[in-house]
Amino acid sequence: MNYTQYAKRFSDRSRAEGRDQDYIDRCLAYAKPLMEQGLPVIYDVKHFSLLVGLRLEYLYSMAYAQYRFYRSFTIPKKNGKYRRIYEPLPMLKGVQHFILHNILEKATCHPCSKAYRQDSSIKGNARFHRAQPVLIKLDLKDYFPSLHVSQVYNLFYTNFGYSKSLSALMARLCTLKEVLPQGAPTSPYLSNLLTIDLDKDIFSFCQSNGSLRYTRYADDIAISGDCDPTVIIPAVTRIVKAHSLELNADKTTVLKPSRRQVVTGVVVNQKLQAPKDYRRAIRLELYYCKRYGIEEHINRQKVYKGKTSPLSYCQIMLGRINYCLQLNPFDHEMLGYKTWLLSKICECPRP
């Protein structure tokens, strides 16, 4: 339904309910910019509660007693430390999914932002930096916790055009302890929308300094091309700081073609490829499978013994091989492994 159709239907129904023209004009003035952005028209917090199917009082509890609607746990990081995850309970998660799919995903992220989008992948991010003379990798420190509830409110109110009370409610429903929680379904896409201006500024800087290539995959920034890192890194640091964010200096890396250049886990020196240690691990696993048999190999490994069936193990290995082939479809070694593994899957007993 376009705006003209909506305005006629709304006006007719409002008059039938006895509403005056001033009320109709105010509502349509509010609805028009939302519809022009492809956003749903939600007039107030009561209207929102009807759309999500929850009492308004319950929504306020979710928004202002947030600690009652999350469970937290930790997951290990590559550096041996742990990342704390805050997972919303089902009712709150359902409301966040409504906001994500009906509102947030209607807005467009910056093209250089490659994570958390249906049309993006780690391969799509990495391919921009293939075979470049210099690759600079930067990391945004405490990315999600650095994005504040006030920024989320401004997105809903100033950028989208929702009412103050509704924007405040939705901002609280998407945050925990006044920041984006890692684990909420809204946080990833919100992070992209909240850093659009950051992406614009870094992209503009890169374009004006030799048409450098810039992408950001969540908190991982990659800049590549013919450049001087001693000029680029301080300049990007200043841009990031101007947006109230901070770089993790310990994770800043400069890579030239003489070293293995990796972007979001993908080797980009010449052709896109999974890292050597990843491929070597697959090669070793399948060597022992062919030497001892799949079931005997499983029984020799503590990580698999008594936990994984031959069929499940083959499916796990097939997933790893398919990842390599996604990056390089012409990898003859992996194609051979895939053919062999598929033949073994056909022989595996089904549960």
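This is a predicted model: local features need pLDDT of at least 70, side-chain atom pairs count only at pLDDT 80 or more; totals for chains, interfaces and linings use all residues.
**View 1. Lining of the second largest pocket.** Helices (H or I, at least four residues) and strands (E, at least two) are DSSP runs, numbered from the N terminus. The largest share, 5 residues, comes from H7. Of the 18 lining residues, Asn159, Leu193, Leu194, Thr195 and Asp197 lie nearest the pocket centre. The lining divides into 9 nonpolar, 7 polar and 2 charged residues. The space in this pocket is about 350 Å³.

**View 2. Centre of the largest pocket.** The volume of the largest pocket is about 1,600 Å³. Its lining has 46 residues, and Arg83, Asp139, Asp219, Asp220 and Lys251 are the closest to its centre. Elements that each supply at least two lining residues include strand E2 (82-88), helix H6 (122-126) and strand E3 (134-139). The lining holds 22 nonpolar, 8 polar and 16 charged residues. A pocket is an open set of points on a 1 Å grid over the protein atoms alone where a 1.4 Å probe fits, with protein on both sides within 12 Å along at least five of seven lines; lining residues have an atom within 4 Å of a point.

Residues are numbered from 1 along each chain as its sequence is written. Local features need pLDDT of at least 70, side-chain atom pairs count only at pLDDT 80 or more, and totals for chains, interfaces and linings use all residues.

Definitions and conventions
Side-chain values use heavy atoms; hydrogens and water are left out. Grid points are joined across faces, edges and corners, and a volume is the space filled by probe spheres set on the points. Ala, Val, Leu, Ile, Met, Phe, Trp, Tyr, Cys and Pro count as nonpolar, Asp, Glu, Lys and Arg as charged, and the others, Gly among them, as polar.
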